[in-house]
Amino acid sequence: MRSTGFELARCSIKLAQGTVAFRRQVNAFLVEIVICCLYIFLMADRYARNASAVFTLKYHLVWCPKYRRKVLTGQVEVRLRQLLAEVADEKGMTFHAMEIMPDHVHLFVESDPTLCVAEIVNRLKGRSSRVLRQEFPTLRSRLPTLWSRSDYAGTVGHVSQATVKRYIESQKGK
């Protein structure tokens with residue numbers, strides 16, 4: 001069966017129309033990819049990610065020495081900052097703000113979902129108590145344990161990050 005010129009022209013028009021439609025689909029797909037990449041790039045500092053989740057988990061933590069004794073001064077304060085930073089590095093936590101008052105500690109900490117708040121606080125308080133009581137015998141003689149059993153933990157969702165940072169930074173002057 002022989003094709004007429006008219007049929008060939010009709011087939012080439014359909015092919016051209018199909019090519020244009022295909023190009024439009026490819027262009028739309030490429031635009032979507034660019035938008036997704038820009039979104040990920042712009043939001044990279046706002047959200048963290050691990051193998052299975054995208055998250056932003058930030059907590060305001062506060063705890064006190066036993067009997068709220070004013071023992072977190074001088075070299076004890078300096079060593080406490082070092083110990084807390086070591087634990088944070090080991091566990092992949094980030095401190096956004098830290099203030100150590102003579103009778104309590106404020107932290108603004110970010111972690112991933114593999115660490116619950118209780119574990120974060122227990123690791124920070126546990127290591128710091130053990131090492132500080134070994135290095136500073138006066139802490140052993142004045143207190144049965146360094147830290148009280150209670151603590152405060154608040155998420156940053158209901159209060160803005162800036163408010164929590166300002167509050168923690170303003171504590172040093174009080």
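**Close-up views of a predicted model**

**View 1. Helix H2 and its buried face.** Val76, Glu77, Arg79, Leu80, Leu83, Leu84, Val87 and Ala88 are the buried residues of H2 (buried: under 20% relative accessible area, 1.4 Å probe, protein chains only; helices are DSSP runs of H or I with at least four residues, strands are E runs of at least two, numbered from the N terminus). The model is predicted: local features need pLDDT of at least 70 and side-chain atom pairs pLDDT 80 or more, while totals for chains, interfaces and linings use all residues. Residues are numbered from 1 along each chain as its sequence is written, and side-chain values use heavy atoms, without hydrogens and water. Just after H2, Gly92 adopts a positive phi of about 75°.

**View 2. The largest nonpolar core.** Among its 28 residues, Leu61, Val105 and Leu124 touch the most other members (a core is a set of buried Ala, Val, Leu, Ile, Met, Phe, Trp, Tyr and Cys residues joined through side-chain atoms within 4.5 Å). Two or more residues come from each of S3, H2, S4, S5 and H3. H2 supplies the largest share, six residues.

**View 3. The aromatic pair of Trp63 and Trp147.** One aromatic pair is found in a search of the whole structure (ring centres within 6.5 Å, using the six-membered ring of Trp; planes under 30 degrees apart are stacked, over 60 edge-to-face, the rest tilted). The ring centres of Trp63 and Trp147 are 5.8 Å apart with planes at 90°, so the pair is edge-to-face. Because Trp63 belongs to strand S3 and Trp147 to strand S6, the pair ties together parts 84 residues apart in sequence. Trp63 counts as buried at 1% relative accessibility, and Trp147 counts as buried at 6%.

Note on methods. Buried < 20%, exposed > 50% of the residue type's maximum accessible area, 1.4 Å probe, protein only.
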